[in-house]
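Hello,

Here is the structure we spoke about, with my notes below it. Please read the notes with the model open beside them.

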There are 4 protein chains.
Amino acid sequence: MTDLRTPAVIVNFKAYSEVEGDKALRLAQTCQEVAERTGVGIGVCPPATAIAKIASAVDVPVFAQHVDPCKPGAATGRLTAQLLRGAGAAGTLINHSERRLRLADIGAAVDMCRSNQLTTVVCTDTASTSAAAASLRPDLIAVEPPELIGGDISVTDAQPEVIENTVTAVRRIDDGIKVLCGAGIKTGRDVKRAVELGAYGVLLASGVVKAADPVAVLADLVQYL
Amino acid sequence: MTDLRTPAVIVNFKAYSEVEGDKALRLAQTCQEVAERTGVGIGVCPPATAIAKIASAVDVPVFAQHVDPCKPGAATGRLTAQLLRGAGAAGTLINHSERRLRLADIGAAVDMCRSNQLTTVVCTDTASTSAAAASLRPDLIAVEPPELIGGDISVTDAQPEVIENTVTAVRRIDDGIKVLCGAGIKTGRDVKRAVELGAYGVLLASGVVKAADPVAVLADLVQYL
Amino acid sequence: MTDLRTPAVIVNFKAYSEVEGDKALRLAQTCQEVAERTGVGIGVCPPATAIAKIASAVDVPVFAQHVDPCKPGAATGRLTAQLLRGAGAAGTLINHSERRLRLADIGAAVDMCRSNQLTTVVCTDTASTSAAAASLRPDLIAVEPPELIGGDISVTDAQPEVIENTVTAVRRIDDGIKVLCGAGIKTGRDVKRAVELGAYGVLLASGVVKAADPVAVLADLVQYL
Amino acid sequence: MTDLRTPAVIVNFKAYSEVEGDKALRLAQTCQEVAERTGVGIGVCPPATAIAKIASAVDVPVFAQHVDPCKPGAATGRLTAQLLRGAGAAGTLINHSERRLRLADIGAAVDMCRSNQLTTVVCTDTASTSAAAASLRPDLIAVEPPELIGGDISVTDAQPEVIENTVTAVRRIDDGIKVLCGAGIKTGRDVKRAVELGAYGVLLASGVVKAADPVAVLADLVQYL
């Protein structure tokens with residue numbers, strides 16, 4: 001059954017041309033279709049401009065790609081936790097490698113999201129920054145080893161210890177925090193291996209978004225979950 | 001008649017609690033109502049999460065509060081000109097005082113918006129930064145003297161020369177660029193005076209957004225346009 | 001005896017006009033004088049432009065106010081750990097409230113400093129960001145509760161629990177990391193109380209730098225250490 | 001004769017390992033030697049930690065690589081115009097491609113430098129951002145076309161029009177501002193051609209700093225000036 005709070009798979013739409021205009025809605029519908037067919041919790045992470053439409057039209061948890069650590073007020077060009085919640089978001093990524101935040105701002109953002117019932121996924125790059133993020137008490141941590149981002153290397157072949165070390169380090173701080181593997185996931189076998197190493201799920205992007213047949217790719221990726 | 005490309009009045013919704021959820025749509029409808037009644041071009045500038053709904057439901061030009069100077073692609077948490085255009089935006093603010101950009105990024109953002117048919121409003125703080133911005137060829141420049149932002153002082157009482165100097169400096173570079181007065185506008189009389197000093201219109205925010213009766217306030221503000 | 005690696009008192013010179021030109025050197029000599037007289041380890045933290053001269057002329061540990069998380073190379077306007085070390089610095093502040101860094105950059109900066117034998121003092125704002133910083137393994141953590149920075153309130157009167165909670169949270173992660181109290185220290189009694197609450201020492205600034213008689217103020221502050 | 005205010009050649013030491021410790025001083029002495037021998041004005045641009053020593057020991061104009069647009073005060077990790085002046089700097093780069101600033105901050109930085117008798121060199125990337133920078137009235141503008149930075153292509157072969165267009169655009173705003181060519185300069189012939197195209201001089205970096213024989217390289221570069 002789809003877990004609206006902490007889906008095991010989150011598809012990050014980024015700012016790819018494949019999700020401009022109505023295409024984001026269609027990709028979200030694809031994710032819903034695979035989620036319903038397979039029973040795997042799949043969340044979507046569209047650009048901010050597409051959150052409201054997807055949240056009202058599709059039955060999948062919608063995550064923002066970023067939240068600004070600002071209170072409601074004079075904050076032009078910023079998206080508060082309240083604005084995301086008001087648009088229908090279920091949660092948000094925080095500190096993605098393409099949108100890094102300062103340490104104090106991550107702490108503030110997590111707190112603001114918690115007060116607004118948004119699930120938080122803090123992105124990190126190493127086992128030690130994952131441990132650091134764990135002290136801020138997010139719901140999930142997505143570790144993205146920089147050397148695997150955007151490449152063709154599979155994390156489970158190249159660096160299985162990154163996942164294991166991250167899971168161990170995070171559990172030492174707070175064993176209620178779930179770890180996602182956020183890079184180096186190419187196939188269903190990678191997902192399976194990540195879960196065997198202790199990950200709760202995966203954060204995906206181009207492999208799904210830019211796929212010629214996203215349904216097939218996504219179905220393959222979640223098959224062992 | 002409402003000018004969809006360069007409205008004389010733009011209402012910046014910022015991230016105020018008054019525009020969370022469906023409230024942004026209602027404020028946009030208020031702006032449309034006053035625009036139709038008075039014949040003054042009024043644009044709205046909602047949070048990114050509200051652009052698509054307003055653009056599809058309300059007949060006013062919709063401006064984003066910010067655009068990231070990024071190409072479509074792996075740019076998590078960023079809004080490209082293409083994404084804004086795909087959501088139905090007519091234009092965008094760039095370099096607002098609450099969301100400053102680097103000089104090279106302003107130039108890149110203006111160029112990207114131009115290629116995507118988005119009207120550009122570059123915000124500046126002095127006559128000399130306005131002249132600098134003019135060399136980047138935006139459609140409009142909104143000058144916001146820092147000492148007037150958020151205060152109770154009227155620009156036309158306190159610093160009429162800021163508007164005059166900005167208009168002169170911008171025209172010297174490119175007399176096709178329109179100047180908005182972006183701070184210190186409290187009443188219709190201020191708007192009138194700003195226009196007499198050479199401004200094309202005004203960029204408003206809290207005075208309208210936080211008003212008990214936005215229709216009355218907005219109608220008062222645009223009465224001499 | 002002066003501890004060159006982890007002094008119990010660090011005086012942050014900031015960018016005050018009181019430390020321009022040769023005045024930074026004279027203030028460092030004042031710190032040395034009090035350190036020698038009292039036997040308390042006192043480090044100085046001058047602007048980057050003054051590090052080399054102080055390090056060669058005064059026998060106190062010299063800390064930089066900031067290090068950039070960059071490798072040696074094409075990094076104009078950046079100060080690497082190697083450059084600081086080459087100038088004679090013994091260590092550096094990282095992530096001061098006036099110079100915040102992104103989480104991943106704090107981790108990278110701490111690692112780069114460790115490789116270059118620089119003592120690291122990571123500044124934080126709450127007990128939870130202090131715990132987060134502890135996972136990055138700096139030598140010291142200086143907690144600066146934002147509500148006390150630059151104010152007249154004494155931390156030990158207003159918020160003794162911030163120190164206690166921070167010390168507890170940091171020790172839980174790594175009990176080899178020393179905690180400095182970085183704000184709200186006005187008198188020797190405050191220093192004494194901070195130490196009783198578990199702090200190793202204090203990070204001082206305006207109270208010393210802008211004092212009419214820095215020797216007297218500093219001597220008062222360190223009297224119970 | 002060496003022009004202390006606006007040298008025709010500025011050597012940017014960046015953060016290369018070749019300028020760590022005392023090596024920055026020796027490279028500055030090399031620049032002085034070539035300047036005296038050839039009569040060409042050569043400025044040096046060392047890391048901030050080396051400014052004071054070079055300024056007191058070598059008779060060349062010393063430029064900082066960056067200035068923070070801050071007033072003297074509580075600005076930890078920032079270098080004000082006053083601190084640079086106090087360390088003996090004659091001027092500073094502003095907005096280098098490796099240390100970009102926001103538009104309003106460039107304006108503020110230029111003004112603060114002018115008040116502190118520091119020569120300003122604003123770096124830009126295109127003819128239009130150069131025109132923008134010219135409205136802020138720096139002493140010099142160094143244009144660095146991004147496609148030429150760090151590459152092996154010579155500006156005068158690949159893009160002579162960038163220099164011409166920049167010179168034209170800057171003169172249109174203020175013909176007292178001198179233009180430096182900041183990338184794509186490999187040989188004395190390139191320098192000669194840049195000057196024929198209207199440049200006042202050049203901003204150099206790795207070609208000199210990382211050279212096996214900096215004296216020979218620098219002497220070759222300035223031979224036609």
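**Chains A and B**

Of the residues of chain B, B:Thr49 comes closest to the rotation axis, with its C-alpha at 2.4 Å. Please keep in mind that this is a predicted model. The axis in question belongs to the superposition of chain B on chain A, which takes a rotation of 180° with 0.0 Å of shift along the axis and gives an RMSD of 0.0 Å. The two copies are therefore related as by a two-fold rotation axis. Both use the same surface, since 100% of the contact residues of chain B recur in chain A.

The contact itself involves 36 residues of chain B and 36 residues of chain A. On the chain B side, the elements that give two or more residues are helix H2 (51-57) and helix H3 (81-87). H3(B) provides the largest share, 5 residues. Sorted by class, the side of chain B that touches chain A has 15 nonpolar, 15 polar and 6 charged residues.

**Chains A and C**

Chain C can also be laid on chain A, by a turn of 180° and a shift of 0.0 Å along the axis, with an RMSD of 0.0 Å. Here too the same surface serves both copies: 100% of the contact residues of chain C recur in chain A.

This contact takes 17 residues from chain C and 17 residues from chain A. Helix H4 (103-115) and helix H5 (127-134) of chain C each supply at least two residues of the side that touches chain A. The largest share of that side comes from H5(C), with 5 residues. By class, the side of chain C that touches chain A is made up of 8 nonpolar, 6 polar and 3 charged residues.

**Pairs that do not touch**

Chain B and chain C are not in contact, and their nearest C-alpha atoms are 16 Å apart. Chain A and chain D do not touch either, with 16 Å between their nearest C-alpha atoms.

**Helix H5 of chain B**

How many of the 8 residues of helix H5 (residues 127-134) of chain B are buried? The count is 7 of the 8, so the helix is largely enclosed by the rest of the structure. The buried residues of H5(B) are B:Ala127, B:Thr129, B:Ser130, B:Ala131, B:Ala132, B:Ala133 and B:Ala134.

The cover over these buried residues draws on two chains. From chain B it includes helix H4 (103-115), strand E5 (119-124), strand E6 (140-143) and helix H7 (160-173). From chain D it includes helix H4 (103-115) and helix H5 (127-134).

**A helix pair in chain C**

Helix H1 (residues 23-38) and helix H10 (residues 214-222) of chain C pack at an angle of about 40°, and their axes are 10 Å apart. H1(C) and H10(C) are therefore oblique to each other. The crossing of H1(C) past H10(C) is right-handed.

On H1(C), the contact is made by C:Leu27, C:Thr30, C:Cys31, C:Glu33, C:Val34 and C:Thr38. H10(C) contributes C:Pro214, C:Val215, C:Leu218, C:Ala219 and C:Val222. By class, the contact between the two helices has 8 nonpolar, 2 polar and 1 charged residues.

Regards

Notes: Residues are numbered from 1 along each chain as its sequence is written. Chains are lettered from A and ligands numbered from 1 in the order in which they are written. This is a predicted model: local features need pLDDT of at least 70, side-chain atom pairs count only at pLDDT 80 or more; totals for chains, interfaces and linings use all residues. Two residues are in contact if their C-beta atoms, placed from the backbone, lie within 7 Å. Helices (H or I, at least four residues) and strands (E, at least two) are DSSP runs, numbered from the N terminus. Ala, Val, Leu, Ile, Met, Phe, Trp, Tyr, Cys and Pro count as nonpolar, Asp, Glu, Lys and Arg as charged, and the others, Gly among them, as polar. Copies are superposed by least squares on the C-alpha atoms of residues with pLDDT of at least 70 in both. Axes are lines fitted to C-alpha atoms, for helices over the stretch in contact, and angles run from 0 to 180 degrees between N-to-C directions. Angles under 35 degrees count as roughly parallel, over 145 as roughly antiparallel, 65 to 115 as roughly perpendicular and the rest as oblique. A crossing is left-handed if the near helix is turned anticlockwise from the far one by less than a right angle, and right-handed if clockwise. A residue is buried if 20 or more other C-beta atoms lie within 10 Å of its own, exposed if 12 or fewer, and partly exposed in between; C-beta atoms are placed from the backbone.
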